[in-house]
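Reader: I've got this one open on my screen and would like to go through it with you. Can we just take it piece by piece?

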Amino acid sequence: MSAVNADARNRLLLRVALLAVGIALVAAPYVVSSFQIGVLSRIAVFALFGLAFNIVFGAGGMPSLGHAAFFGLGGYIIGIGTVRLDAGIITVFVLALVLGAVLGAIVGVLTLRSHGVYVLLLTLAVAQALWGLAFQQVRWTRGDNGIAGIERSLIVPGDATLVTFYWAVLAVVAIFGALVWWFQRSPAGVAIVAHRESASRLAALGYRVSAYRIGAFTVSGAVAAIAGVLYASLNRFVGPENLAWTMSAEVMLFAIVGGAAFFAGPIVGAAAIVTLEVWVSGFTDRWLAVLGLTYILTMLFMPQGILGLVDDRRRAWRARRDGREAAATSANASDALTGSGGMS
Amino acid sequence: MGSILGHILNGLSFGSVLFLLASGLTLTFGLMRTVNLAHGAFFALGGYIALDVLRRTDRYWFSLLVAILAATLVGVLFERLALHRVLGKELPQILITVGFAFLIADLLLAYYGGRPQSPPRPPGLDGVLRLENFAFPHFRLALIVVAVVVWLGLHLLITRTKIGAMVRASVDDEPIARSVGVKVPAIFATVFGAGTALAAFAGVWGGAFTGLQPGSEWQILLLALVVVVVGGLGSVGGALIAALAVGLLDEFGKWLFPSFALFTLYAPVAVLLAIRPQGFFGKEELT
Amino acid sequence: MTDLAVETDALTVRFGGLTAVDGVDLRVATGHRRAIIGPNGAGKTTLFNLIAGQVRPTSGTVKLHGRDVTGLPVQARTRAGVARTFQITNLFDELTVTDNVRLAVAGADPKVRRTFWRPLHRFPHIEARVDDLLEQWDLAAVRDERPIALSYGQQRILEIVLATAGQQRVLLLDEPTAGVSKSEAENLVDTIDALPRDLTIILVEHDMDVAFRIADEITVMVNGEELVTGPPDTIRGDERVVEAYLGRDESDAA
Amino acid sequence: MSAQAVNTSIGALASLALLLAACDGAAIDDDVDEDAAGTVTVGLINPLTGPFAALGEDVNAGFEMYVDENDGQLAGFDVEILSEDTANDTAIAIEGIERMLDQGADVLVGFVNSGVTYGASEVIREEGVPLVITTAGADDLTQRDASESIFRISYTSSQDSMPLGDYACNELGYETISMIGLDYAFGWEAAGGFAMAYEDAGCEIVQELYAPLDTPDWAPFVQQIDREADAVWAVIAGADAIRFLQSYDDFGVELPLIGHGATTDEQVLDEQQELAEGVITSLHYTAVIDNEFNDAFREAFEAEYGTTVSQYSDNGYTAAMAIEAALEGAGASDRDALIEALGDIELDEAPRGRTYFDEYGQAVYPVYIREAVEQDGRWVNQVLDVYEDVSQFWDYDPGEFMSGEPLEERRGTWAD
């Protein structure tokens, strides 16, 4: 009975907190500078990219190092579509969803026989191959020069200022973020997590495991491509760097730093890493070294991410309050989380 | 005739460079199950240190030795202080090595600047073998020999000494390995150190071939990964055959269809991984 | 004879040079309970894997209720009515007990199984069945826990719940009491014994007492071959069985 | 479920707070003291990490040195210098630009990678801030995509190759040439400029080869060179240039080698040394231009930084001179005044020689025909000849030049 009360209270707390974050984000332009609006926009786009990635990584347990492929694909769809072919924004979004999903399905099929580090290498190879295509198929991509002049006004109805564009990005991110949330709670979404925990058990329950693996990549690819569309319109540019493997590594870092086992992990991770980058590059050119240290320290001391730490604290606090010995469960839980980000 | 022979020798010598780049990577993976994505950074570290010492002392072999020792030391420290703490966890290992690569490469850039540099060829190997209608540099011939020697050394190390078995036992079950008297930390540090030593050697000899500049660390890593993946993760013999095959393919591929080079390298690797994740010569893994 | 739930014909599988299962002709009538016993390495679990679909035979066929399923993958056999538990507990450790059961129930319903736009807990008919199962198996109190928080006996029970949630007609139990404490094992055997009689059960068991208590018939396997099949009493007195076990035990002890 | 959700919100709130705090720290107050003479804020935007870091460092060093030589003032204005790393990535560059604009940058100087320049040019145009490009070469930045606020003190990719087309055909007497270059826009445009001028001078391109950027082994390409040609023309930069010359030497290609200036740039010449001996190239700069301004620049730079001057440090240095001249002309440091004045500047005391902008914002300057030689123990690009007032359109009519097919798209058509 007290559990029910606590549950209701938590729900209420959650809604209030979400509302507060939402209001703060929407109202941010009235408080912060235009530079900071740019940074917030970037965080929002990366958060969506991270959510998409985490379907495969955190939930599905498949370490992709090739998600830049979907992200860059989305960028080139809006780049080639609007700058070279005069397509409308609806077409761009539909194409990004469809082609992102198709590429996702292909990658999903290719990785069916792979596990762990082999998934990582395979996805890396696919993304690198696409990078090579983008670099060399100059007639379409303009190669190294990339495609500039992507209009932000495509996404914003009416007047495209930095602020209205930011709101538009927030809206798109919120919509697709909510879709990812629904997806992850659906039977298919839960089955993807279950496949990570035990593929043999899932198959014995009547699920075709390969379909759920492919499904994870498909949905992930589609949403990542949407994030790529937003990123290209934020920069008004798309080039081979949108497909670079460092982009794939960075999105993995977002998920891990935030906490891959949590839905909001990639959001928190994107906010933390982008903020760190912006802050560090403000006073030193050695921000790559700082980024490198971040990778190392995160894996050594915070493998379950920021939310994992928060979660541990909360469990410990609650355990103390309940006067229960909680060390064991907490330790177990965090072990499980660490493992879940890894190879199944 | 001379032209075909030239192409074959070229392909083999480039393949030998690829094998040198990949040998340390395949060693650490094969024995420790650790994918060291900082491999390219150790390559650069070796190359830059050798150049630095050479400029100060003008003694080639001394600078080569210093570079290898210094990189090995860094590798051993890195293994002890960071990598060892995530023993057996693939993903944390991968991200830690990525982070270390960023760190090392950025510090190298800060210290040595960004101008392209190139460690010199070893003394005495500057010449060119010239036959009638055919020229081939001594250094490239030497690389082929060195690749075979390195392969032989690794092969013997793994099959003829107990170290291979001890390392594998330690990876599979550290407590048991400890209980039968294997000094697990020392073994891992040694193997990782050997991997970085090979990377540093590749940085000096392979570096004389490929040059050094910011970004080399990833370029070299990606090349090495292709070789290691094609050969089969952890298979030293596989890596040698794969390196030579990729070298020859690259040679003839560029000769026949020069414009698709980047794409042609990665697309077949992706397909190979999809069909045979363990590569051509890797052992099937039960997972 | 059409009443056979499981029927294998000359079922054989080789791994490299090793013949793990060698020409086994297993026939289990619908509603019967069959135990498969034998020394370690006799091929019992492999035989299970062949029936459930985890392993494909080198030769021979597997029929379920008269239908040839030899070429079907695991999930298709599950849908054809075979359920199984695993020798080592095999649950979704990061999901709650409820979600474990939900997935099991949803697995039998293609419409739900393939849904990706509606939360798993918003299917009333699934929820009703999940609640029933949790009640029926005394798991309601731990429904929000992760499996790891359950006792080992409860985990084994949860496995049986998952396996039977889709109302399968053949249940394969792979050493259900292995690693379970004496008192919990007792409880577990009672639970298995109380399963509906129209459910065909095949179990691999090390513990003779359990096998003899549950099974209507017992098959003894040695070196991948079927040594003898018969009612418990016959088996108990069969010299070949004693010899197989004793011979094996001696070599084990050595 | 709900526990996780609560986490979610706590985490999100915490990170938002973190973000706002950090951004606050990053925003430097832009109320620079406005004394009588006024202040000009210059934003340097160059790659300081990644493969082009050395180029960015040299540009920044050249720029800063000129400002230092003038005691931190240009035309009586106090100079405040901001600097951001492009990291060779458009998004990072844009972020840096936005930060500098936030901090009140009046003029931007930089860019090495043309793609990044194109990507960032939208922001720059929109903000109406003048940009002086110091390396990025894409022809169209000052041709088909020219903008009144964008100037370029460095070359267009094809500009410096065209004089050598004339020189190779008419002075060196090579009637047939095989071209080899890096397979990306810079390579195609540089090769296109050379080929067009060379063929219009009456000679013939017989082969066109391209190798990908970062080609580890140049042997397969070098061996394909047509040995029947009179000479080889190359455009290969950075570490590729070292590897290329090594292979060219190893495989005993006996043909004379000429090329774009980047092939034996001062940044790689120290490594190439005798491999580069006798290679003739064209560029708007060389460290050994013989005039008092260049002598002073070279000596001061080498004393300060300990490395050789290069076209990049010259580009940075000359960019500072251009901004000084514009401040002088405008008498003000606001963006519009600077844009207006930059178009009219004329630099007579630049180390490279007389330099001014054409109506598209592209520098017109002398182009040197240079030969790599060893001089007093150092390797330099000695001046053989000079073409004064070289425009990005060479001797062609700008309208006709731009109505033709872009040079980058003519890749692969020259040898036919």
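Reader: What share of the accessible surface of chain D belongs to carbon and sulfur atoms?
Author: Keep in mind that this is a predicted model. Chain D has an accessible surface of about 13100 Å². The part belonging to carbon and sulfur atoms is 42%.

Reader: And how much of chain D counts as buried?
Author: A residue counts as buried under 20% relative accessible area. Chain D has 416 residues, and the buried share of them is 66%.

Reader: What is the radius of gyration of chain D, and why does it agree with a compact globule?
Author: The C-alpha atoms of chain D fill a box of roughly 70 × 65 × 45 Å along the principal axes. For 416 residues, a compact globule would come out near 22 Å, so chain D agrees with its 23 Å.

Reader: Over to chain A: is A:Asn145 buried or exposed?
Author: A:Asn145 sits in the loop between α6 (138–141) and β1 (147–148) of chain A. Leaving aside residues up to four places away in sequence, A:Asn145 touches A:Phe237 and several chain D residues, including D:Ser114, D:Tyr118 and D:Glu408. Its relative accessibility is 2%, so A:Asn145 counts as buried.

Reader: Then what about A:Ile90, buried or exposed?
Author: A:Ile90 belongs to helix α4 (residues 89–110) of chain A. The cut-off for exposed is over 50%. With 64% relative accessibility, A:Ile90 therefore counts as exposed.

Notes:
Residues numbered from 1 in each chain as written. Chains lettered and ligands numbered in written order. Predicted model: local features only at pLDDT ≥ 70, side-chain atom pairs only at ≥ 80, totals over all residues. Heavy atoms only, no water. Helix = DSSP H or I, 4+ residues; strand = E, 2+ residues; numbered from the N terminus. Buried < 20%, exposed > 50% of the residue type's maximum accessible area, 1.4 Å probe, protein only. Contact = heavy atoms within 4.5 Å. Rg over C-alpha atoms; globule rule 2.2 N^0.38 Å. Areas by Shrake-Rupley, 256 points an atom, 1.4 Å probe, with all protein chains shown as cover.
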